[in-house]
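Hi there,

Here is the structure I promised to pass on to you. Please open it alongside this message, and you can follow the notes below as you look around.

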Amino acid sequence: MKLTHITGLALLLLIAACGGPSDDADQADFAALDNTAEVEAYYAEKPDFFSFKTLADLPTDLTWQNGEHLPEMGSPEAKKGGIEYARLQDFPRTLRTVGPDSNGSFRVWILDDVTISIAHRHQDAFEFFPGLAEAWAVDKPNKTIYVKLDPAATWSDGVPITADDFLFMFFFYQSSYIVAPWYNNWYGTQYTNITKYDDLTFSISIPEAKPDMDARVLELRPVPHHFFKELGDDYVERYQWRFAPTTAAYVVKDEDIRKGRSATLTRLENWWAKDKKHWRYRFNPDRIHLSVIRDTPKVFEAFKRGDIDQFGLNLAEYWYEKLPNDDPDVAAGYIHKSVFYNQRPRPTYGLWINTSRPILENRDVRIGINHASNWDLVIEKFFRGDYNRMQTSSDGYGEFSHPELRSREFSIEKAQDAFASAGFAERGPDGILVNDKGERLSFTLSTGYENLKDVLTILKEEAAKAGLEFRIEVLDGTAGWKKVQEKKHDIHFSAFSVSLEMYPRFWETYHSDNAYDGGAFLEDGSVNPERKLKTQTNNLEALAIHEMDDLINQYRASDDREEMIRLAYTMTEMHHEHASFVPAFYQPFYRLGHWQWIRYPKSFNHKHSRGAGQLFVHWIDTALKEETQKARKDGVSLDPEINIYDQFATP
């Protein structure tokens, strides 16, 4: 789970900062280290978790599958070649994909959207097709997934990918060296065993036979032990600017990192999956050059100059005004505009209220904030009515999303009633409510979304009508993320991007384990007076409800679909009653402007894609680029294209 952005080639994280290889000590400064013995000892200390058998021990009644019936991803019309030019909001702080500062906007380019896991969800059918696996088998009674790796699979440095990389994956993610509590918890509690049968065959078991138990294993990515043999206490510094061998089509070379300015990805000519079904028509550009451009208006200017190939037009301002259909470059056919309606769980845009802060710990105040937030007006004015109101923090999960719960409507009267119940009944000379202590009903409303700052202006003006003051603070993505991770915010406007999953997660954002250190509650369920606010977690609301913890634990342990649905409804209702989150909006589509030489399949993209660039199904027509640039220079018009792809639109 990660923070997400509303514009750009894909929904990007807004959590990055300046830095670069030259900032850190040379690798020669680090002492030689080989953790092989430590890793083997770790395996030996946990014989119930790490098992070693032979192929003769493999069950003989397994039903192997490989998703061969699924239609191919991408388009056979795709061409390899060319350089794609895109934008980074901030320069990455590190090339690590785990640990401090790793969850930034650059990570989607080197991990989330490009690396290959055991198998992948088909973005139309929601079934799995092969990634690193040649085949897999699901043993539901024994809560185990068996995997046969593709013998052709290699890391980008040519080293074969084997079962040992999956064994090491658990050592890596369970290790305190990586300074990543979420990974420690997930890989330490959500899996019970890995068994190696030979170099290409292994199984992984999980605690419960959940409805999506295959996904729990098939979406895992290995970790290259040969690269991380130096993993130790200095992991964060030692690996700060070392690009790890990858399963992806693209690598980052040392010489292609230019501090504070740009980073470039290079496609591997001998990529092991280049001729594989579902992969051969994707990841087409030879190189992807990412320039740091922080301000959205400047990104648009670069796009209009042709310095950047694509620009997200999700914001109404850009779709209707800055790049209207009669724009000269659009009307002449040089730039194409496309709208694609998708279906998937929606990013959680909303106001995240820090309930550990004074006054905001009062539920009546939070209810008042919900009623004083005029999202309908935001949708009408800022988004031109194109977006829809989000109802809960878990919309878009089908039967797992609450069918009846609705977000609180904007109502000055209801907001004032709630504020009065909290002791804020009188207005000061500036119209803002005050309590008997003279405290003003005033909070800092922060965000890392520079391009959505006008949304906060609308909220501020409307909230003032109910006697609530929002002090707007617009930060860059790095500073915004740092603030909420340190739990120093009052109210923060942001969203977490969510994966294509069957059901929502609750532990990361709503369990007290992620709100307080030292135990949020005593054994009798009462508040622990010694608890301390926990930083560096995704529980941005500092939400700690003893009953919610119990429900989350049941939810995580359940393998009964109906029980999980019932628990999801109950927890969603409880979260709604707590009023620590104000649901904002969701977009049922994404919009894109792209120069004519950037080509897409005839259907444009796949049903569950979250953004135009996520699946890398586009390609560059280098000959068409030359023709387009010449036509533009000579003033020759081409056929304009404004395309609406609504084959997956919902009523």
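Below is what I found, going from the whole protein down to single residues.

**Confidence**

Please keep in mind that this is a predicted model. The average pLDDT of the protein is 94, and 96% of the residues score at least 70. Over residues 1-20, however, the pLDDT is below 50, although the model gives this stretch 104 contacts beyond near neighbours in sequence. Residues 22-26 also stay under 50 in pLDDT, and here the model has five contacts beyond four places in sequence.

**Domains**

The domain assignment divides the protein into domain 1 (34-267), domain 2 (310-342 + 589-645) and domain 3 (350-586). I looked at how domain 1 meets domain 3. Their C-alpha centres are 33 Å apart, and the contact draws on 19 residues from domain 1 and 18 residues from domain 3. The size of an interface is often expressed as the accessible area lost when the parts come together. For domain 1 and domain 3, the area buried between them is about 1,700 Å², with 51% of it on carbon and sulfur atoms.

What holds polar groups together across this contact? There are seven residue pairs in polar contact between domain 1 and domain 3, while the count of salt bridges is zero.

**Helix α14**

Next, have a look at helix α14 (residues 477-485), which is mostly covered, with seven of its nine residues buried. Those buried residues are Gly-477, Thr-478, Gly-480, Trp-481, Lys-483, Val-484 and Gln-485. At the start of α14, Asp-476 brings a side-chain oxygen to within 2.7 Å of the backbone nitrogen of Ala-479. Just after the helix, Lys-487 has a positive phi of about 60°.

Arg-267 sits in strand β12 (residues 262-267). Is Arg-267 buried or exposed? Its relative accessible area is 18%, so Arg-267 counts as buried, the cut-off being under 20%.

The side chain of Arg-267 has backbone oxygens to point at: it reaches that of Asn-284 at 3.4 Å, and one of its polar atoms lies 3.3 Å from that of Pro-285. Leaving aside residues up to four places away in sequence, Arg-267 touches Lys-80, Gly-81, Ala-249, Tyr-250, Phe-283, Asn-284, Pro-285 and Asp-286.

Lys-274 belongs to the loop between β12 and β13 (287-292). With a relative accessibility of 36%, Lys-274 counts as partly exposed, because that value falls between the 20% and 50% cut-offs. Its side chain makes a polar contact of 3.2 Å with the side chain of Asp-275. Apart from residues up to four places away in sequence, Lys-274 touches Glu-269 and Arg-280.

Happy browsing, and do write back with any questions!

Best wishes

Technical notes:
Residues are numbered from 1 along each chain as its sequence is written. This is a predicted model: local features need pLDDT of at least 70, side-chain atom pairs count only at pLDDT 80 or more; totals for chains, interfaces and linings use all residues. Side-chain values use heavy atoms; hydrogens and water are left out. Helices (H or I, at least four residues) and strands (E, at least two) are DSSP runs, numbered from the N terminus. Buried means under 20% relative accessible area, exposed over 50%, partly exposed in between (1.4 Å probe, protein chains only). A polar contact is a pair of N or O atoms within 3.5 Å; within protein, one must be able to donate a hydrogen and the other to accept it, and residues adjacent in sequence count only if both atoms are side-chain atoms. Contact means heavy atoms within 4.5 Å. pLDDT is the predictor's confidence in each residue, from 0 to 100. Domain bounds come from an automatic or database domain assignment. Buried area is the accessible area (1.4 Å probe) that two parts lose on being put together, summed over both. A salt bridge is a side-chain nitrogen of Lys or Arg within 4 Å of a carboxyl oxygen of Asp or Glu.
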